[in-house]
Amino acid sequence: MTNSTVRRNLSVGQRLWTLGGAALIGFGSMLGIGWYENMQVDTGLRRADDIQQSIDSINDMRVANLTLVLAAMDSIVDREEKIIQPDRLKIIADSLAVLTSGSKQIGMIAEELKAGDLAKSYDSDVGALRQAIQVDLKALVEQGASDAEFGKIDDRIDADGEKLAATLDKFANDGAVVARNRIDSANETSRSSLTIQIALGVIAILAMAALQYIHGGSIRRGIASVRESMLRILNGDLTSNVAGKERGDEIGEMARAAESFRLAAIEKIDLETRTATDRQRSDAERRERESAKLADAEALSAAVTALGQGLTRLANGDLTANIDQPFRDELERLRQDFNQTALRLRQAMGDIALNSTSIQANSRQMRAAADDLAKRTEQQAASLEETSAALDEITSTVRNATSRAEEVGQMVAHTRQNTEKSDAIVGDAMAAMERIEGASREIGTIINVIDEIAFQTNLLALNAGVEAARAGEAGKGFAVVAQEVRELAGRAAGAAKDIKALISKSGAEVKIGGELVTAAGEALRQIGEDVLRIDGHVKSIVTSAREQSVGLNEINTAISQMDQVTQKNAAMVEETNAASHTLATDAENLTQLVRQFNIGEGMNARQTPREASAASHPKPSPARSLIGKVAGAFTGGAAARTLASSPAGDNWEEF
Amino acid sequence: MSNAIKQSGAYLEIVSFHLGDQEFCIDIMAIREIRGWAPVTPMPHTPPYVLGLINLRGAVIPVIDMACRLGMKMTEPSERSAIIVTDIAGKLVGLLVEQVSDMMTIKSEDLQPPPEIIPEAQRAFCRGIVALEKTMVCFLNLDTVIADELTREAA
């Protein structure tokens with residue numbers, strides 16, 4: 001878009017707004033001034049009216065003043081009645097009320113006339129008059145005072161009434177003057193405002209005419225030039241520029257839009273010419289391509305024929321097929337790939353031939369090995385059965401041993417109880433021995449008494465003998481008796497001595513017996529301790545027997561597992577056997593198939609097949625080590641040693 | 001006394017007792033009483049064989065250890081020991097002996113005089129020897145054994 005410098009001037013709307021604004025300002029100012037002057041006049045007239053009303057009320061007051069004074073005079077005249085007539089009193093009161101209420105109007109007029117001192121004196125004058133008429137005169141009339149006093153009060157009332165009347169006249173006259181002045185000034189103001197309004201209206205009309213001329217001319221010229229330019233474009237004249245593009249208002253925008261239409265039309269004509277040229281060039285190129293494609297088709301058919309022949313040979317098993325004639329450049333790659341494929345197939349087939357021979361040999365060996373394995377598995381199953389039977393016997397033996405050991409434990413406990421009882425019996429025996437000793441001691445004491453008695457008897461007998469001897473012949477018989485008594489005493493003493501000896505002997509025997517009983521008790525206690533030890537051993541025997549039982553159970557489980565495994569092994573060996581037989585047959589078939597392919601010379605015997613060695617990886621036998629452990633547990637390691645001394649690397653598959 | 005024996009002629013009644021291993025005897029007529037052993041009250045300034053005094057029914061009598069008096073070992077008094085109360089020349093004397101063994105009657109012919117080989121002074125103690133079946137018993141002369149002592153003491 002031609003973005004030439006755009007002048008910044010007023011738009012059409014703005015121009016219209018300036019016209020309207022000028023009219024608004026003119027008429028607004030006229031209206032405002034008229035309204036203001038009217039207000040002023042109105043206020044002045046209202047004040048004049050107020051003053052006029054005040055003057056009217058002052059006139060009323062002047063009448064009231066006169067009425068009052070006349071009423072007072074009449075009262076003085078009729079003083080003989082000694083009373084003031086009630087209707088006169090009412091007149092006096094009404095007149096005084098009018099004078100008093102007019103004091104406000106008097107204040108307003110005084111303010112307007114700037115005569116405040118007069119207004120103040122008015123109130124005091126009214127007061128003085130009231131005093132003179134309502135109080136002093138009334139008192140004088142009722143008292144029936146002298147004529148002199150009445151003359152005095154008459155003068156006073158007259159003076160006050162005249163003074164009041166003068167004041168009221170002054171106010172009335174001055175107020176009339178002021179009111180006339182006010183009306184005159186209002187009329188003056190009204191005239192001057194009319195003049196100002198006319199002047200303002202003229203100024204506004206002139207300003208609007210000038211603006212209308214300037215803005216109207218500008219808009220009209222701009223629209224006319226744009227219209228001309230657009231007509232030129234419509235008639236095909238695209239070379240000349242659109243006028244008025246540089247304007248900043250709506251007309252400038254219209255001019256710029258017309259310029260864009262012009263530029264778009266120019267561009268469209270250019271595009272049409274370029275398309276026609278391009279179409280001619282592409283027609284020439286297509287013709288060239290068609291001739292080249294024809295040549296390509298011929299070369300392709302030659303290559304396809306050659307490839308077809310090669311593939312037919314491959315299909316017939318001739319892997320020596322090769323395409324020697326070169327193809328077109330882009331198909332040459334295909335020929336090379338075919339040759340490469342044939343070569344790879346040749347090599348692969350050669351390898352397959354070699355490997356199939358090897359597989360054949362190995363499968364034969366596998367067949368033999370699988371037969372052997374089947375035989376050995378059967379042997380193993382038989383061995384396991386025997387082992388299981390032996391293990392059952394061992395289990396029952398161990399169970400028997402356990403129950404025997406438990407019985408022994410019970411017997412030992414019984415024996416221990418008996419031993420404890422025998423301890424008590426030994427104690428009882430000891431106590432009995434002690435009792436025997438005590439009894440022996442008592443017997444000894446008694447024997448001593450008997451001995452003493454025998455001794456004393458002996459002495460008595462001796463004395464008797466002595467006395468008998470001294471008695472001479474007369475005491476002979478008595479002497480014989482005394483002798484007899486002495487002999488008896490001697491015998492008693494001897495017997496006592498014998499008993500004493502016997503008692504001491506029995507005491508010694510009892511002592512020995514006590515020692516023997518103690519020794520027996522000690523021996524029994526020893527037996528008890530031994531029994532306890534036996535009990536401990538028996539318990540440990542029981543414990544180990546139970547452990548053995550548990551171990552045997554585990555062995556039993558292991559053997560049953562081994563049995564199951566062996567069964568499965570046997571099944572699997574049979575399957576393996578069948579599979580190896582099938583494998584051998586298949587390997588022979590494979591060799592036959594591979595021989596059908598012609599793979600040329602030099603491809604055979606790239607590698608000699610390796611036969612599996614019979615003993616590649618001998619493994620340690622877990623079962624043998626288990627047997628070694630079991631044997632060691634039962635025979636104190638002798639068997640384990642014999643097993644351990646056997647060669648470490650033997651093949652357990654052999655057993 | 002000897003006269004009395006001779007006069008009676010045929011028989012002598014004697015009481016035999018033991019002192020250590022030896023056996024002695026005295027004339028039964030010299031004995032007043034035989035009693036068991038009782039503790040004695042020792043006396044000062046007495047020969048060793050005088051053991052002390054005892055109270056015999058109110059009478060105070062001395063007790064003499066016969067074994068000691070006869071030049072043998074002192075007797076150990078025991079409950080089975082005996083005191084033979086004798087009347088020697090009108091005085092009561094207690095003789096401590098180990099054991100009163102027998103009271104017997106012998107013929108005066110059985111009393112044999114002591115051998116003369118023993119000196120006179122010592123021979124005076126013994127009036128004779130009584131030979132029994134198993135042992136020989138010395139018949140003590142209490143007058144010489146005790147009386148002399150008493151007289152000497154008195155002197």
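Helix α7 (residues 329–471) of chain A lies across β1 and β8 of chain B and runs at about 30° to β8(B). The model is predicted: local features need pLDDT of at least 70, side-chain atom pairs count only at pLDDT 80 or more, and totals for chains, interfaces and linings use all residues. Residues are numbered from 1 along each chain as its sequence is written, chains are lettered from A and ligands numbered from 1 in the order in which they are written, and side-chain values use heavy atoms, with hydrogens and water left out.

**Terms for elements and angles**

- Helices (H or I, at least four residues) and strands (E, at least two) are DSSP runs, numbered from the N terminus.
- Axes are lines fitted to C-alpha atoms, for helices over the stretch in contact, and angles run from 0 to 180 degrees between N-to-C directions.

**Contact between chain A and chain B**

- Chain B gives 16 residues to the contact and chain A gives 14 residues; contact means heavy atoms within 4.5 Å.
- About 1,400 Å² is buried between chain B and chain A, and carbon and sulfur atoms give 54% of that area. Buried area is the accessible area (1.4 Å probe) that two parts lose on being put together, summed over both.
- On the chain B side, B:Ile34, B:Arg80 and B:Met103 lose the most area to chain A. Together they make up 43% of what that side buries.
- Three salt bridges are counted between chain B and chain A. The term needs a side-chain nitrogen of Lys or Arg within 4 Å of a carboxyl oxygen of Asp or Glu.
- B:Arg80 also has a salt bridge with A:Glu452, at 3.4 Å from N to O.

**Chain A overall**

- Chain A has 10 helices and zero strands. From the N terminus on, its elements run α-α-α-α-α-α-α-α-α-α.
- Chain A has 655 residues, and 28% of them count as buried. Buried means under 20% relative accessible area, exposed over 50%, and partly exposed in between (1.4 Å probe, protein chains only).
- Chain A exposes about 42,400 Å², with carbon and sulfur atoms supplying 59%. Accessible areas come from the Shrake-Rupley method with a 1.4 Å probe; for residues, only the protein chains shown count as cover.
- Take the contacts in chain A between residues at least 6 apart in sequence: 81% of them join residues at least 24 apart.

- A:Ser54 sits in helix α1 (residues 12–77) of chain A. Its relative accessibility is 1%, so A:Ser54 counts as buried.
- Leaving aside residues up to four places away in sequence, A:Ser54 touches A:Gln105, A:Met108 and A:Ile109.
- A:Thr395 belongs to helix α7 of chain A. A:Thr395 counts as buried because its relative accessibility is 7%.
- With residues up to four places away in sequence not counted, A:Thr395 touches A:Leu552 and A:Asn556.

**Five-stranded sheet in chain B**

- Five strands of chain B form an open sheet with mixed pairing, in the order β3-β6-β7-β5-β4. Two strands pair if DSSP finds at least two bridges between them.
- β3 (31–36) and β4 (50–56) of chain B stand at the edges. Each has a single partner strand, so one side of each is left without a neighbour in the sheet.
- On average, neighbouring strands of this sheet are turned by 30° against each other, direction ignored.
- Strands β5 (residues 59–65) and β7 (residues 91–97) of chain B pair in the parallel sense over three bridges. B:Ile64 has B:Leu95 in β7(B) as its bridge partner.

**Six-stranded sheet in chain B**

- Six strands of chain B form an open sheet in the order β8-β1-β2-β11-β10-β9, again with mixed pairing.
- The edges are β8 (99–107) and β9 (111–112) of chain B. Each has a single partner strand, so one side of each lacks a neighbour in the sheet.
- Strands β1 (residues 11–19) and β2 (residues 22–27) of chain B pair in the antiparallel sense over six bridges. The bridge partner of B:Val15 in β2(B) is B:Ile26.

**Positive phi in chain B loops**

- B:His45 lies in the loop between β3 and β4 of chain B. Its phi is positive, about 60°, although B:His45 is not a glycine. At 86% relative accessibility, B:His45 counts as exposed.
- B:Arg57 is in the loop between β4 and β5 of chain B. Its phi is near 45°, a positive value in a residue other than glycine. B:Arg57 is exposed, at a relative accessible area of 65%.
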